[in-house]
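Subject: Structure handover

Hello,

Here is the structure I promised to pass on to you. Please open it alongside this message, and I will walk you through what turned up.

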Protein chains: 2
Amino acid sequence: MSSKTDWVAVDWGTSNVRAWGLAANGTQTFSNEADRGMGKIARGDYPSVLAELIGENAAPGTPAIICGMAGARQGWLEAPYLDTPADLTRLVQGAVTPEGTDFDARILPGVCQRTAGDEDVMRGEETQLLGLLALRPGFSGTAILPGTHSKWVEIENGRITRFSTAMTGELYEVLSQHSVLRHSFKGDTVEGPEIEEGIAEGMRAGLESPSLATSLIFRTRAAALLSGKGADWCSGYLSGLLVGVEIGGHRHWLGQVSVPLIGSARFGRLYGAALALIGTTGEPIDASEATIAGLIAARAQA
Amino acid sequence: MSSKTDWVAVDWGTSNVRAWGLAANGTQTFSNEADRGMGKIARGDYPSVLAELIGENAAPGTPAIICGMAGARQGWLEAPYLDTPADLTRLVQGAVTPEGTDFDARILPGVCQRTAGDEDVMRGEETQLLGLLALRPGFSGTAILPGTHSKWVEIENGRITRFSTAMTGELYEVLSQHSVLRHSFKGDTVEGPEIEEGIAEGMRAGLESPSLATSLIFRTRAAALLSGKGADWCSGYLSGLLVGVEIGGHRHWLGQVSVPLIGSARFGRLYGAALALIGTTGEPIDASEATIAGLIAARAQA
């Protein structure tokens with residue numbers, strides 16, 4: 001170790017878990033990752049998974065600030081949701097302290113929206129949004145967090161005022177693997193002109209007619225049957241379509257020139273291209289960078 | 001047999017196949033059914049499945065008019081699609097004659113729409129629509145065929161002028177079985193006040209905001225987590241929502257007071273309730289009745 005680990009930042013997802021050691025001066029001392037997300041382990045496994053991730057990098061008693069699914073009802077210890085409007089500057093006050101570990105662990109809460117007819121939940125994204133406020137001090141407006149369950153979040157004065165989840169990524173998965181559309185796909189897709197053409201066509205259709213989403217998806221099959229579209233085109237079309245539908249349906253959330261896109265580089269490009277078609281600029285922010293910044297900000301609140 | 005079978009009407013679906021014997025005077029002489037749909041048998045199995053269905057009820061050489069997936073590329077023998085505008089009064093002219101059977105079998109074609117950006121296909125529904133024209137002579141306007149892949153079809157002067165497929169039923173299946181929403185469901189649902197409440201709530205949301213379909217589906221999960229909604233409510237909500245989205249998205253297709261709903265009694269009630277919310281009356285027509293009427297009309301064209 002180049003310097004002593006002062007505390008550990010942990011992002012516990014559904015599939016994977018990642019830990020970063022941080023020195024008192026803010027530099028990173030180590031990082032580690034394992035496919036031991038909430039969906040893959042039992043409640044009693046959390047202390048040993050955390051110990052394995054940290055290894056010899058930090059002494060017992062070292063603080064660990066954890067965000068994500070460890071705080072879910074089926075996780076390590078439930079960290080009850082903060083209600084909207086949720087004050088991100090006081091996120092750590094909703095943290096819970098799990099037992100059975102040698103580390104000084106705290107699990108951050110998620111955020112929920114109890115508005116009748118508009119219920120919604122997030123776990124993990126609230127920490128990335130706290131990170132957004134650290135990376136872009138004073139940010140107000142809408143941020144988009146694309147992914148399996150994309151989040152559209154309105155932030156005002158450090159608070160999450162409302163949000164909406166679109167099942168974009170998961171819809172792509174279940175439709176391409178379990179529906180009749182699967183016949184139009186093959187294994188992993190690669191980059192190429194057919195994918196790009198499909199993306200562009202799907203994106204335009206989705207942005208133009210989000211209210212026909214459940215019909216437009218069937219075109220993946222019909223275009224394969226009638227127009228000889230290949231698996232690459234179909235894959236591009238379906239992903240472009242679902243992104244277009246998500247953005248087209250939430251268009252009224254966009255009152256600003258530039259929108260933070262917190263996610264992978266691939267999603268940054270995809271959503272950025274769709275936003276450009278309706279005259280908005282996407283500002284890609286790496287998801288891990290936002291998570292670490294959020295955990296650091298939460299640690300500073302403690 | 002009360003009277004001699006003059007010919008056999010066959011509806012060959014993806015999962016099941018059904019056959020009805022018809023006497024020269026139009027009365028039904030027998031009916032039979034098997035779970036030997038296109039998805040469950042090989043190309044070489046069709047002659048023996050047809051022979052088993054007919055059994056001793058008709059002599060070799062008896063005509064059999066077949067609609068549905070037997071004419072798909074992966075079926076018995078491909079019956080190429082008729083293009084829109086597709087003249088239903090000449091449907092039989094697109095039929096193909098498969099070999100290897102003792103019966104005088106003809107397979108009716110499906111219909112496709114090759115409009116760029118709006119490709120679509122149907123197989124089987126065209127026969128039900130021909131049946132609609134027999135049951136409601138002179139019908140023009142939009143008909144809805146709810147189901148796994150719901151069809152919205154515009155008919156003018158005996159022709160299918162355009163149509164749109166919504167993956168309503170299949171979306172319900174894949175979301176409730178393969179997505180994160182599955183945690184909000186249990187096995188088979190039964191009737192009850194919670195289902196009805198969920199249906200009504202989902203229907204209103206879908207009709208009001210079809211462009212937010214990919215977000216509204218997530219409420220199934222959020223309402224279960226936050227508002228303690230049970231599996232019955234969730235099941236009702238998701239089905240009502242998807243029907244509402246389908247109808248809300250196709251609202252501009254509805255220029256008439258009364259719309260034929262060709263499908264099961266359950267779908268007739270569900271779609272009828274949603275249509276009533278927007279001031280339209282659904283006119284339920286039993287799917288089997290429409291299929292038989294269509295096959296009879298096709299036989300008369302031969």
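Below are the findings, starting with how the chains relate and then moving to local features.

First, some housekeeping. This is a predicted model, in which local features need pLDDT of at least 70 and side-chain atom pairs count only at pLDDT 80 or more, while totals for chains, interfaces and linings use all residues. Residues are numbered from 1 along each chain as its sequence is written, and chains are lettered from A and ligands numbered from 1 in the order in which they are written.

**How the copies relate**

Chain A is superposed on chain B by a rotation of 180° with 0.0 Å of shift along the axis, at an RMSD of 0.0 Å (least squares on the C-alpha atoms of residues with pLDDT of at least 70 in both). This is the relation of a two-fold axis. In chain A, S211(A) has the C-alpha nearest the axis, 1.8 Å from it. Of the interface residues of chain A, 100% are also interface residues in chain B, so the copies meet through the same surface (residues are in contact if their C-beta atoms, placed from the backbone, lie within 7 Å).

**A sheet in chain B**

An open sheet of three strands runs in the order β5-β8-β9 in chain B, with mixed pairing. Strands here are DSSP runs of E with at least two residues, numbered from the N terminus, and two of them pair if DSSP finds at least two bridges between them. At the edges stand β5 (82-83) and β9 (120-122) of chain B; each has a single partner strand, so one side of each lacks a neighbour in the sheet. β8 (residues 111-113) of chain B pairs with β9(B) in the antiparallel sense over three bridges, and Q113(B) has D120(B) as its bridge partner.

**Backbone details in the loops**

A cis peptide bond joins T84(A) to P85(A), with omega about -10°; P85(A) sits in the loop between β5 (82-83) and β6 (86-87) of chain A. In chain B, the bond from T84(B) to P85(B) is cis too, with omega near -5°.

N157(A) is not a glycine, yet its phi is positive, near 50°. Its place is the loop between β11 (150-156) and β12 (159-166) of chain A. Is N157(A) buried or exposed? N157(A) is exposed, because 11 other C-beta atoms lie within 10 Å (exposed means 12 or fewer, buried 20 or more, partly exposed in between, with C-beta atoms placed from the backbone).

Best wishes

Terms used. Contact = placed C-beta atoms within 7 Å. Helix = DSSP H or I, 4+ residues; strand = E, 2+ residues; numbered from the N terminus.
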